[in-house]
Amino acid sequence: MANTIKLWGTGTSRTFRPIWVAEELALPYELTPMGPRTGETRTPEYTRLNPKQKIPLLIDGALKLSESVAISRYLVEAYPNHAVFLPATPAERAELDDWCCYFYGELDETSLYVMRRHGDLGQIYGAAPDVVASAGTYARRHLEVIAKGLEDREFVMRQGFSVADVVLMSCLDWAVAYALDLPNPLAAYRARISQRPAYRRAFEINFGAGH
């Protein structure tokens, strides 16, 4: 491996994703721990690296990526191994993208982050209990849809563990932290996937022993 993979960011569901993928792929990487609202992302040094002033961030040679799903997909495609399914056809890539976009769009952005924004971060963005409750209802509806889609599968993709599982699991952990009950198929799925050694290592690295 010619370059040293560098990652910035810890402590969130989004920073967890690339760390977990790197652990699944057994990649050597250099991690700079950094929280989202500690002031570290707003320093001149970090802003030069990532003008978005957000985490995570990956630098691999000349490449810079700052979205968790894009980073995760890049690592799998650039450094493939048997641990993570790599789509080989347009149809497989499209199905994987379809799941990832669904999980990220409907769970992460549209419901869970809305709950965080107007709940935990209400002092910054405005506390809105009704919005939080509505977002929770919206999340539950889509959790039911996902549970139905996965009830006969071990992984999101029938071919094996993939980035889609990383995105989904990060959202399920987040949902549980927000006291959203998971449908039985998703609860069983989460219990099973959480036993993966790379998941456990990444969880410890990203969240720490006290989480």
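Guide: From the N terminus on, the order of elements is β-α-β-α-β-β-α-α-α-α-α-α-α, that is, 9 helices and 4 strands; helices (H or I, at least four residues) and strands (E, at least two) are DSSP runs numbered from the N terminus. The model is predicted, so local features need pLDDT of at least 70 and side-chain atom pairs count only at pLDDT 80 or more, while totals for chains, interfaces and linings use all residues. Residues are numbered from 1 along each chain as its sequence is written, and side-chain values use heavy atoms, with hydrogens and water left out.

Along the principal axes, the C-alpha atoms fill a box of roughly 45 × 45 × 35 Å. Of the 211 residues, 48% are buried, meaning under 20% relative accessible area with a 1.4 Å probe, protein chains only. Among contacts (heavy atoms within 4.5 Å) between residues at least 6 apart in sequence, 66% join residues at least 24 apart.

Now the interior itself. A nonpolar core is a set of buried Ala, Val, Leu, Ile, Met, Phe, Trp, Tyr and Cys residues joined through side-chain atoms within 4.5 Å. The largest one has 60 residues, and Trp20, Leu75, Leu112, Leu168 and Leu186 have the most contacts inside it. At least two residues of this core come from each of strand E1 (5-8) and helices H1 (13-24), H3 (68-78), H4 (90-118), H6 (129-150), H7 (163-177), H8 (184-193) and H9 (197-207). Helix H7 gives the most, with 10 residues. Beyond its neighbours within four places in sequence, Leu168 is in contact with Phe103, Leu107, Ile146, Leu150, Val156, Leu186 and Tyr189. A second, separate core of 6 residues includes Trp8, Tyr46, Ile55 and Leu57.

Asp108 is found in helix H4 and is buried, with a relative accessible area of 0%. Not counting residues up to four places away in sequence, Asp108 touches Arg14, Arg17, Phe103, Tyr113, Cys171 and Trp174.

Key
Buried < 20%, exposed > 50% of the residue type's maximum accessible area, 1.4 Å probe, protein only.
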